[in-house]
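Here is a short briefing to read alongside the model. Have a look at the sequence and the fold, then join me below for the main points.

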Amino acid sequence: MPVVSGNNPLKTGELIPLMEDFYHEQKRVWDDFAQTCAMEKQRRVIGVGDEIIIIQYNPQRMGNIIATPPSAKVGCFLCELPAEQIKLTIAEDFLLLCNPRPIFSEHFTIAQRQHTPQTIIPFLRVFFSLARGMAPRYCLFFNGLNSGASIPQHLHFQAVPAPFLPLNLSLRLISLGDKGGVTISLLDDPYQRQALCLESDGIASLAEILTEIFSITSNLLEKLPTPDAPFNILVTANADGRLKVLLFFRAKPRPSCFYAAEPQRILVSPGSVEMGGCVITAREEDFLRLTRPMLEEIFCEVSFSRKNMLKVIAALGL
Ligand SMILES: [Zn+2]
């Protein structure tokens, strides 16, 4: 059984065969899950070249899109798993699970064994080690509190095939420089998503710079919307194991159109998948009517201002 720790990081791609077999086995023994996986997912493409956004229609994701904060007295979906759900230990304290409502043909949840809040800072090294272990086939992502996490009361990461997210395939970057063994760039995005791209061979270097960025961001914002930093983190690695981290800075969890009265309401709740360029809709009317200007407005609204991004960059000394 693979074991991950700060001293024993996974090799590039080491987890891929295990994850493929695991997904196949889960479908074999859980009919409902296999049927959900087989459901057709309609897609539309907006934009061309490196400006592509995919709109995807996933009716079974409605529960995730409209999920409310954990104040409601409901059970924890990651503690109370269905009897058919297979669990596999892939790190000392993490379990590999198949997401029961998959966004793509494969969609994993990697959950902390214990019921622990969705905060990543103490787990950055394990997170990057897991990302390298499942790369380059899969990308690993984390949705921070109020940044798209639908089960924010229980620490978990998710993994999907990397090519399904357009930003994993094509990225426009503005180079900012190197710091502590990490190459740092700013995402140059026509949709106004505000993100830094961090690239390094070193897990410790990445963990260190991210911790510094979290601290800078906490100090910068007069009042944080949550006790944790408002980020989506999307990680891939190339065949040599060099990690690429996209760190999206979030201003709010949902756009105002989510709360608008019908028929203006659009149920889009951006998390890492959306920030990565694939917008999930659970209602056909939303799937059909989203336009590029609407997407620009949604991404701009849920992202940091450019002014605040420049403050973060200045505080990093770049
Ligand atoms: Zn739980």
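Two residues are in contact if their C-beta atoms, placed from the backbone, lie within 7 Å. Among contacts in the protein chain between residues at least 6 apart in sequence, 69% link residues at least 24 apart. Please keep in mind that this is a predicted model, in which local features need pLDDT of at least 70, side-chain atom pairs count only at pLDDT 80 or more, and totals for chains, interfaces and linings use all residues. Numbering starts from 1 along each chain as its sequence is written.

**Overall picture**
- The protein chain holds 10 helices and 13 strands, taken as DSSP runs (H or I, at least four residues, for helices; E, at least two, for strands) and numbered from the N terminus.
- For 318 residues, a compact globule would have a radius of gyration near 20 Å, and the 19 Å of the protein chain agrees with that; the radius is taken over C-alpha atoms, and the globule rule is 2.2 Å times the number of residues to the power 0.38.
- The C-alpha trace spans about 55 × 55 × 40 Å along its principal axes.

**The sheet**
- Ten strands form an open sheet in the order β3-β4-β5-β7-β6-β11-β12-β10-β9-β8, with antiparallel pairing; two strands pair if DSSP finds at least two bridges between them.
- β3 (88-91) and β8 (173-179) are the edge strands, each with a single partner, so one side of each has no neighbour in the sheet.
- From one strand to the next, the twist averages 25°, with axes fitted to C-alpha atoms (for helices, over the stretch in contact) and angles running from 0 to 180 degrees between N-to-C directions.
- Five bridges connect β4 (residues 94-98) with β5 (residues 108-112), and L96 sits opposite I110 in β5.
- Helix α1 (residues 16-29) packs on the sheet, where it touches β3, β4, β5 and β6 (138-143), and its direction makes about 50° with that of β4.

- β10 (residues 195-200) runs antiparallel to β12 and is joined to it by six bridges, with C197 opposite L246.
- β11 (residues 231-237) pairs with β12 over seven bridges, also antiparallel, and I233 has L247 as its bridge partner.
- Five residues lie between β11 and β12 in their hairpin, where G241 takes a positive phi near 90°.
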